[in-house]
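Colleague: Hi, I'm new to this one. Could you walk me through a few spots in it?

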Amino acid sequence: MFKQFKELLNTAKHTPKLGGLEIFKYIGPGLLVTVGFIDPGNWASNLAAGAEFGYSLLWMVTLSTIMLIVLQHNVAHLGIASGLCLSEAASEYLKPRYAKGILYSAMLASISTSLAEILGGAIALQMLFNIPIRAGAILVLLFVVIMLFTNTYRVIEKWIIAFVSIIGLSFIYELSLVEIDWNTALPAWVTPAFPDGSMVVIMSVLGAVVMPHNLFLHSEVIQSRQWNIQDDKIIKKQLRYEYADTILSMLIGWAINSAMILLAAAAFFGTRTPVTELEQANSLLAPLLGNNASVIFAVALLFAGISSTITSGMAAGSIFAGIYKEPYDIKDNHSRIGVLTSLIIAFALIMVVSNPFQGLIYSQMALSVQLPITIFTQVYLTSSSKVMGKYKNSTYTKWLLYVIGGIVTLLNIMLLISFL
C-alpha cells in the first residue's frame with residue numbers, strides 16, 4: 001500500500017519534494033472560476049435580492065452553488081481526460097453547424113458577462129474617485145487587456161487568489177457591522193420561495209452563479225496542471241485534487257454570495273430602502289454601517305470587476321479559439337480575437353447603457369437563458385466514450401446532469417411566463 005502511494009507521488013514527469021503539500025500545486029483553476037460568480041453582476045443581483053425580498057432568495061444561492069459544483073467538476077473532467085476544453089471538444093465531435101451555433105451563442109454570453117464585469121469596475125471607480133462611468137470603463141478595459149496580454153496562467157491565478165481574498169475579507173468586515181436575523185436567514189438557505197415579482201431577480205442570481213463562460217474556462221485552465229496525460233495514475237490524481245479545488249472554491253463563492261444577500265437584507269430590506277444602483281451603497285452604507293463600510297464595499301467591487309473581467313476575457317479567448325479546434329493561447333491570433341471581441345463589444349454596449357444597475361441585472365439574466373445550451377452540450381460530450389474513453393459519465397452522473405439542465409430550462413420557462 002505504501003509502495004503504491006509512493007509511486008503515485010513520484011512519477012517520471014512530476015516528483016514533488018513534499019507530497020503533503022501536493023494539493024497546493026492544483027489549487028487555482030477553481031478560484032479562477034469562483035471569481036466569475038462573485039463578479040459585479042452577482043453584486044447587483046444579490047443586492048437586488050436582499051433589498052427587495054430580504055432573506056427569502058438565499059435558497060437560490062444554495063441551489064445554484066450545488067448545480068455549479070456538479071457542472072464544474074464534470075467539465076473539469078472533460079479537460080483532464082480528453083485534453084480538450086469544452087469549446088475544442090464541441091468543434092471536434094459535433095457537426096460543424098451545431099458546434100458553431102453553440103459556440104457563437106456562448107460568445108454572446110461571454111460578451112454579456114464582460115459587460116457586467118467592466119461596468120462593475122467602472123462603478124467602483126466612480127464610487128471611490130468620482131470618475132465618470134465611461135471613463136472608468138476605459139481604465140478597467142486597458143488594465144485588463146494589459147494583464148491578459150502580458151501574463152501567464154500562473155501569474156494571473158496569483159492575482160485572482162489575492163483579489164478573492166480581499167473580497168472575502170471585505171464582506172466579513174461588512175457583516176460584522178450589521179445585525180443578521182439568523183432565525184429567518186438559516187431556513188431561507190434551504191426553503192424555495194417565489195415572492196411576487198421575483199423571477200427576474202431569481203434568474204439573474206442563477207445566471208450570475210452558474211455562468212456559461214465559466215464552464216468553458218474551467219475545462220481550459222484545468223489543463224495547465226497536466227504533466228503526463230497518458231498516465232492513468234496522474235489522471236486519477238488530478239481528478240481527485242480537482243474535486244477538492246472545485247469544492248473549496250465553490251464554497252468560498254457560496255459564502256461570499258450569501259454574505260451579499262445577508263448584507264443587503266439587513267441594511268436595506270429592514271429599512272425598506274429600494275436599491276436601484278450600486279452607487280447607492282456609497283451614500284446608504286455610510287450612515288447605516290459607518291464611514292468605512294462604503295469605502296470597503298467600493299474597493300471590493302473594484303477588485304471583483306477587474307479580476308472577473310480577466311476571467312471573462314480568458315473564457316472568450318478559449319471559446320473563440322475552440323471554434324478553430326485550438327487551445328487558448330494569448331500569443332495566438334484566434335485567442336486574441338476572442339478576448340478583444342468580448343471586451344470591446346461589451347465596452348461599446350456600456351457606452352449606450354442608460355441604466356447601469358438594470359444593465360447588470362439583465363446581463364446576468366441573459367446568461368441563464370444561454371445556460372441550458374451549454375449544459376446539454378457538456379452532458380452529451382462528457383457522456384460519450386468517443387470523447388472521454390473510460391472516464392465518460394456514469395449513468396447516475398449523466399442523469400443528474402440532465403436533471404440540472406431540466407431545472408435550469410424549467411426556470412427559464414417560468415421567467416418567460418412571468419413576462420407574458
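This is a predicted model: local features need pLDDT of at least 70, side-chain atom pairs count only at pLDDT 80 or more; totals for chains, interfaces and linings use all residues.

Colleague: Great. How many residues does helix 6 have?
Modeller: Helix 6 has 34 residues. From its first C-alpha to its last it reaches 48 Å, close to the 50 Å expected at 1.5 Å a residue.

Colleague: And is helix 6 largely enclosed or open?
Modeller: Largely enclosed by the rest of the structure, because 24 of its 34 residues are buried.

Colleague: What happens just after helix 6?
Modeller: Asparagine 130 takes a positive phi of about 60° there, although asparagine 130 is not a glycine. Most residues other than glycine have a negative phi. Asparagine 130 sits in the loop between helix 6 (96-129) and helix 7 (133-150).

Colleague: Why does asparagine 130 count as exposed?
Modeller: Because its relative accessibility is 63%, and the cut-off for exposed is over 50%.

Colleague: OK, what about lysine 325, where is that?
Modeller: Lysine 325 lies in the loop between helix 14 (291-323) and helix 15 (333-350). Its phi is also positive, near 60°. With 47% relative accessibility, lysine 325 counts as partly exposed.

Colleague: Switching topic: which residues form a nonpolar patch on the surface?
Modeller: Ile345, Leu349 and Val352, with about 260 Å² of accessible area together.

Colleague: Which helix holds leucine 349?
Modeller: Leucine 349 is in helix 15. At 37% relative accessibility, leucine 349 counts as partly exposed.

How values were computed: Residues are numbered from 1 along each chain as its sequence is written. Side-chain values use heavy atoms; hydrogens and water are left out. Helices (H or I, at least four residues) and strands (E, at least two) are DSSP runs, numbered from the N terminus. Buried means under 20% relative accessible area, exposed over 50%, partly exposed in between (1.4 Å probe, protein chains only). The expected span of a helix is 1.5 Å times one less than its number of residues. Patches are made of residues with over 30% relative accessible area and no salt bridge: like charges are joined within 9 Å, nonpolar side chains (Val, Leu, Ile, Met, Phe, Trp, Tyr) within 5 Å. Accessible areas come from the Shrake-Rupley method with a 1.4 Å probe; for residues, only the protein chains shown count as cover. A salt bridge is a side-chain nitrogen of Lys or Arg within 4 Å of a carboxyl oxygen of Asp or Glu.
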